[in-house]
Amino acid sequence: METNNATPRKRHVAIVDDNAELAWFFSEILKLHGYEATVLPDATLALKYVLSQHTDVIICDLQMPQLDGDLFYATVERTQPALARQFIFLTGLVEDLRFHNFISTVKAPVLRKPVPVETLLAEIERVLR
């Protein structure tokens, strides 16, 4: 009798946030819940990463230096439309007019900081379905 010893592949989450402490915290929480997690401190690095590495979910801050989350998303949407459906956005900017139109039209969850861990985990599971 043959047995299959292959362990299922862990789901990979890219965390794109310039807040190093928050990104590290989310990374550790995700690892405790069985995910692989990669922290990317800016969207320019993240763009190179997600275009070359398998990524199941992207958690992305909206306001970052060099390239904001909305422009990062637009680039991914143009180059990898399926991956664009795997975004979860984070923002501490409740009423920033610059992002208002984007938030109201994007078909991805937008979570307000501070994000409860349970809410983040639930959104990740929902995006993966």
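From the N terminus on, the elements of the protein chain run β-α-β-α-β-α-α-β-α-β-α, where helices (H or I, at least four residues) and strands (E, at least two) are DSSP runs numbered from the N terminus. This is a predicted model, in which local features need pLDDT of at least 70 and side-chain atom pairs count only at pLDDT 80 or more, while totals for chains, interfaces and linings use all residues. Residues are numbered from 1 along each chain as its sequence is written, and side-chain values use heavy atoms, with hydrogens and water left out.

**Exercise 1. The whole chain**

Work out how many helices and strands the protein chain has, and set its radius of gyration beside the globule rule.

Solution. The secondary structure of the protein chain comes to six helices and five strands. The radius of gyration, taken over C-alpha atoms and compared with a rule of 2.2 Å times the number of residues to the power 0.38, is 15 Å for the protein chain, close to the 14 Å that the globule rule gives for 129 residues, so the chain is as compact as a globular protein of that length. Next comes burial, where buried means under 20% relative accessible area, exposed over 50% and partly exposed in between, with a 1.4 Å probe and protein chains only; buried residues make up 46% of the 129 residues in the protein chain. Finally, with a contact meaning heavy atoms within 4.5 Å, residues 24 or more positions apart account for 63% of the contacts in the protein chain with a separation of 6 or more.

**Exercise 2. Aromatic pairs around Phe 89**

Describe the aromatic pairs that Phe 89 forms with Tyr 73 and with Phe 102.

Solution. A pair of aromatic rings is described by the distance of the centres and the angle of the planes. Rings of Phe, Tyr and Trp (its six-membered ring) pair if their centres lie within 6.5 Å, and planes under 30 degrees apart count as stacked, over 60 as edge-to-face and the rest as tilted. By this rule the count comes to seven aromatic pairs. Tyr 73 and Phe 89 form an edge-to-face pair, at 5.6 Å centre to centre and with 70° between the planes. This pair links distant parts of the chain, since Tyr 73 is in helix H3 (residues 69–79) and Phe 89 in strand S4 (residues 87–91), 16 residues apart. Both Tyr 73 and Phe 89 are buried. Phe 89 and Phe 102 are also edge-to-face, with 5.1 Å from centre to centre and 90° between the planes. Here strand S4 is linked to helix H5 (residues 97–105), which holds Phe 102, and the two residues are 13 residues apart. Phe 102 counts as buried because its relative accessibility is 13%. One aromatic cluster is formed by Phe 72, Tyr 73, Phe 87, Phe 89 and Phe 102.

**Exercise 3. Burial in H3, Arg 85 and Glu 123**

Find which elements the buried residues of H3 pack against, and decide whether Arg 85 and Glu 123 count as buried or exposed.

Solution. In H3, the buried residues include Phe 72, Tyr 73 and Val 76. The buried residues of H3 pack against strand S1 (12–16), helix H2 (43–52), strand S3 (57–61), H4, S4 and H5. Arg 85 has its place in the loop between helix H4 (81–84) and S4, and Arg 85 counts as exposed because its relative accessibility is 58%. Glu 123, in helix H6 (residues 117–128), counts as buried because its relative accessibility is 18%. Not counting residues up to four places away in sequence, Glu 123 touches Ile 88, Pro 109 and Leu 111.
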